[in-house]
Amino acid sequence: MMTVSPKGSRKPPPPAPLQTQSFRKSRPSIVGPDTPEPPFPVLLEGTVQHGFGRGSKDLGCPTANLPEESLPDMVATVEPGVYYGYAQVPPGQGNETKLRPEDHQVWPMVMSLGWNPFYKNERMTAEVHIMHKFPDDFYGHQMKVVVLGYIRPELDYTSREALIEDIETDKKVALTSLARPGYQTYTSHTFFRSR
């Protein structure tokens, strides 16, 4: 199976290791140094796209997908995997929305960058889960993402339940890692204030 990367080159998705019980038991509760180190932060921005519809329905974890054209800097810098940082859906210009003022704040996020081998995707995606309960979807809105660190590699799974368990752990690890002062300063990053 061949896929087109965001850079436009054709390459097969890399094989992902299979998640195991021993991996699950050995996961740390906090990752990364006390402040982000290169290549982080990585800044991403784009219009939220319709994805596969699996996040909310299948996994209980709604995601907002970034368009492929917003990914080349990230893909050139890091490997597929799960990352943490902050995201914002800024107030739109003239967009009709059911979002409330608090929904436009900067919130913690986890992001899966890769081919989602459990679902056998044929193209690379960046799926962002913002850790905030939105009253409605926000397809077509701009989203800004500051990626600050790496949680784990992209994995394949033998069951949906094992995938869901790892997603829940990813969220906890992200929140714990972002609680450090060196990361909290990024909630007021100039990227989130620029239009």
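**Reading the model step by step**

Guide: Proline 41 is placed in the loop between α1 and β3. Please bear in mind throughout that this is a predicted model.

Visitor: Which kind of peptide bond joins phenylalanine 40 and proline 41?

Guide: The bond between phenylalanine 40 and proline 41 is cis, with omega about 5 degrees. The peptide bond from proline 38 to proline 39 is also cis, and its omega is near 15 degrees.

Visitor: Let us turn to the whole chain. How many helices and strands does the protein chain have?

Guide: There are six helices and eight strands in the protein chain. Read from the N terminus, the elements follow the order β-β-α-β-α-β-α-β-β-β-β-α-α-α. Of the 195 residues in the protein chain, 48% are buried. Among contacts with a separation of 6 or more, 76% are between residues 24 or more positions apart.

Visitor: In which order do the strands of the open sheet stand?

Guide: The open sheet has six strands, in the order β3-β8-β5-β6-β7-β4, and their pairing is antiparallel. β3 and β4 (64–66) are at the edges with a single partner strand each, so one side of each has no neighbour in the sheet. From one strand to the next, the twist averages 35 degrees.

Visitor: How many bridges pair strand β5 with β6, and how many join β6 to strand β7?

Guide: Strand β5 (residues 81–88) pairs with β6 over eight bridges, in the antiparallel sense. Glycine 81 stands opposite leucine 113 in β6, and valine 82 has serine 112 in β6 as its bridge partner. β6 and strand β7 (residues 125–130) run antiparallel and are joined by six bridges. There, methionine 111 stands opposite valine 128 in β7.

Visitor: Which strands does helix α4 lie across?

Guide: Helix α4 (residues 160–178) lies across β5, β6, β7 and β8 (142–153). Its direction is at about 130 degrees to β6.

Visitor: How is a pair of aromatic rings described?

Guide: Such a pair is described by the distance of the ring centres and the angle of the planes. In this structure the count comes to five aromatic pairs. For tyrosine 84 and tyrosine 183, the centres are 5.7 Å apart and the planes are at 45 degrees, so the pair is tilted. This pair links distant parts of the chain, since tyrosine 84 is in strand β5 and tyrosine 183 is in helix α5 (residues 181–184), 99 residues apart. Both tyrosine 84 and tyrosine 183 are buried.

Visitor: Which residues do ring pairs link into a cluster?

Guide: The cluster consists of Phe40, Tyr83 and Tyr150. A ring may also have a charge over its face, as here: lysine 144 lies over the face of phenylalanine 191, at 5.1 Å from the ring centre.

Visitor: Finally, is arginine 180 buried or exposed, and which residues is it in contact with?

Guide: Arginine 180, in the loop between α4 and α5, has a relative accessible area of 11% and is therefore buried. Its side chain reaches the backbone oxygen of glycine 32 at 2.9 Å. A polar atom of the side chain of arginine 180 also lies 2.9 Å from the backbone oxygen of serine 177. Leaving aside neighbours within four places in sequence, arginine 180 is in contact with Ile30, Val31, Gly32, Pro33, Asp34 and Tyr84.

Conventions:
Residues are numbered from 1 along each chain as its sequence is written. This is a predicted model: local features need pLDDT of at least 70, side-chain atom pairs count only at pLDDT 80 or more; totals for chains, interfaces and linings use all residues. Side-chain values use heavy atoms; hydrogens and water are left out. Helices (H or I, at least four residues) and strands (E, at least two) are DSSP runs, numbered from the N terminus. Two strands pair if DSSP finds at least two bridges between them. Rings of Phe, Tyr and Trp (its six-membered ring) pair if their centres lie within 6.5 Å; planes under 30 degrees apart count as stacked, over 60 as edge-to-face and the rest as tilted. Buried means under 20% relative accessible area, exposed over 50%, partly exposed in between (1.4 Å probe, protein chains only). A charge sits over a ring if NZ of Lys or CZ of Arg is within 6 Å of the ring centre and within 35 degrees of the ring normal. Axes are lines fitted to C-alpha atoms, for helices over the stretch in contact, and angles run from 0 to 180 degrees between N-to-C directions. Contact means heavy atoms within 4.5 Å. A polar contact is a pair of N or O atoms within 3.5 Å; within protein, one must be able to donate a hydrogen and the other to accept it, and residues adjacent in sequence count only if both atoms are side-chain atoms.
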